[in-house]
Amino acid sequence: MELTNINTVKDLLNRNGFSFSKALGQNFLINPSVCPRIAENGGCHKGSAAIEIGTGIGVLTKELALRCDKVIAVEIDERLKPILDETLADFDNIEIVFADVLKTDLNTLIREKLGEYEDIYVCANLPYYITSPVIMKLLEERLPVRAVTVMVQKEAADRLCAKVGTRECGAVTVAVNYYSVPELLFRVNRGSFMPSPNVDSAVIRLDIGGKTKYNVSDEKLFFRIVRASFSQRRKQMLNPLSAALGMEKTELSEILVQCGIKPTARPEELKMEEFVALCERISAK
Ligand code: SAM
């Protein structure tokens, strides 16, 4: 069944009485070139396994299953079950778990269902209402996966793949760079989806090369510092940071200077190494 043919998809959905849920971010891909590119850029190959988040009618699931030995997909909407039974009937290497990905213990899922695989890749066209929480969950839980390749809203892609130390950078940019090497792969226009959203999209890949490049002795403190510093993105970080950490501004100013950071610095001016140095200096206090 051609899952990127509009008439086929309409017929499939009508027959099953399915209506799109805006709240669940249901914009299904109908551009035939996009899913193969996600699967290929995502690293899928024979002998590997893939995890997908949000199957929709299975258009990407199918491309992953053609290239990987096994696919585990997490989908929240059980109304899609009869549809997926039909669209993925020819595959015996796909397992769909109907659950909310944000409430799913992915480490346990991987251990139980993909225990024998060394090469595991996450590939997804993410529901946009939970882009950041899903990406942070995938990274923070330190899943044994090689890379996360996901479609997100274009503006989110620009933020996630911005260079740390530039105007486009935010707290999430620092977090993503802490755990991975992000790369913007390609843009996808809004006409590639059914229904068409009001925004364009882009596919990004986060390479997780095993150990993180940055070593901090207290990760919780590191992310408190990052979040507090960016809470007023365009402003000097001294005020919000001293408030969040309960430190006198004079003391914090001295620490910033010791780390080679101007006390008047704005968070978007700092490099990764400076956030790391700041965290280490504050935790040693
Ligand atoms: N992969 C399909 C495609 O590319 O056409 C569907 C992508 S659509 C943007 C997002 C999918 O994620 C929908 O099928 C939606 O039901 C599902 N979804 C939304 N929230 C979810 C959640 N919390 N956990 C798992 N799946 C979710």
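**Helices and cysteines**

Colleague: Which helix holds Ile135?

Modeller: A helix here is a DSSP run of H or I with at least four residues, numbered from the N terminus. This is a predicted model: local features need pLDDT of at least 70, side-chain atom pairs count only at pLDDT 80 or more, and totals for chains, interfaces and linings use all residues. Residues are numbered from 1 along each chain as its sequence is written, and side-chain values use heavy atoms, leaving out hydrogens and water. Ile135 falls within residues 131–140, which is helix α6.

Colleague: Is Ile135 buried or exposed?

Modeller: Buried means under 20% relative accessible area, exposed means over 50%, and partly exposed lies in between (1.4 Å probe, protein chains only). Ile135 has a relative accessible area of 1%. That value is under the cut-off, so Ile135 is buried.

Colleague: Which residues does Ile135 touch, not counting those up to four places away in sequence?

Modeller: Contact means heavy atoms within 4.5 Å. With residues up to four places away left out, Ile135 touches Leu126, Val150, Val152, Leu160, Val176, Ile204 and Leu206.

Colleague: Why is α6 largely enclosed by the rest of the structure?

Modeller: The buried residues of α6 are Thr131, Val134, Ile135, Met136, Lys137, Leu138 and Leu139. α6 is largely enclosed because, of its 10 residues, the number buried is seven.

Colleague: Which residue just after α6 takes a positive phi?

Modeller: Look just past the end of α6. The phi there is about 45 degrees, and the residue is Arg142.

Colleague: Now to α9 and α10. Are they parallel, perpendicular or oblique to each other?

Modeller: Axes are lines fitted to C-alpha atoms, for helices over the stretch in contact, and angles run from 0 to 180 degrees between N-to-C directions. Helix α9 (residues 219–229) and helix α10 (residues 238–245) pack at about 140 degrees, with their axes 8 Å apart. Angles under 35 degrees count as roughly parallel, over 145 as roughly antiparallel, 65 to 115 as roughly perpendicular and the rest as oblique. The two helices are therefore oblique.

Colleague: How many nonpolar residues does the contact of α9 with α10 have?

Modeller: α9 brings Leu221, Arg224, Ile225, Ala228 and Ser229, and α10 brings Pro240, Leu241, Ala244 and Leu245. Ala, Val, Leu, Ile, Met, Phe, Trp, Tyr, Cys and Pro count as nonpolar, Asp, Glu, Lys and Arg as charged, and the others, Gly among them, as polar. By class there are one polar and one charged, and the nonpolar residues number seven.

Colleague: Which helices do the buried residues of α10 pack against?

Modeller: In α10, the buried residues are Leu238, Pro240, Leu241, Ser242 and Leu245. They pack against α9, α11 and α12.

Colleague: Is Ser242 buried or exposed, then?

Modeller: Ser242 sits in helix α10. Leaving out residues up to four places away in sequence, Ser242 touches Met247, Lys249 and Leu252. Its relative accessibility is 8%, so Ser242 counts as buried.

Colleague: How does α10 lie relative to α11: parallel or perpendicular?

Modeller: The two axes are 10 Å apart, at an angle of about 115 degrees. That makes α10, relative to α11, roughly perpendicular.

Colleague: Which residues of α11 meet α10?

Modeller: From α10 come Leu238, Asn239, Leu241 and Ser242. By class, the contact has four nonpolar, three polar and one charged residues. The α11 side is Lys249, Leu252, Ser253 and Leu256.

Colleague: At roughly what angle do α11 and α12 cross?

Modeller: Helix α11 covers residues 249–258, and helix α12 covers residues 272–283. Their axes come within 9 Å and cross at roughly 130 degrees.

Colleague: Which residues of α12 meet α11?

Modeller: On the α11 side are Leu252, Ile255, Leu256 and Gln258. On the α12 side are Leu278, Arg281 and Ile282.

Colleague: How many disulfides does the structure hold?

Modeller: A disulfide is a pair of cysteine sulfur atoms within 2.5 Å. Cys44 is in none, as the nearest cysteine sulfur, that of Cys68, is 3.3 Å away. Cys279 is in none either, and the sulfur of Cys259, its nearest, is 9.8 Å away. The number of disulfides in the structure is zero.

Colleague: What is the relative accessibility of Cys279?

Modeller: Cys44 is buried, with a relative accessible area of 10%. Cys279 also counts as buried, and its relative accessibility is 0%.
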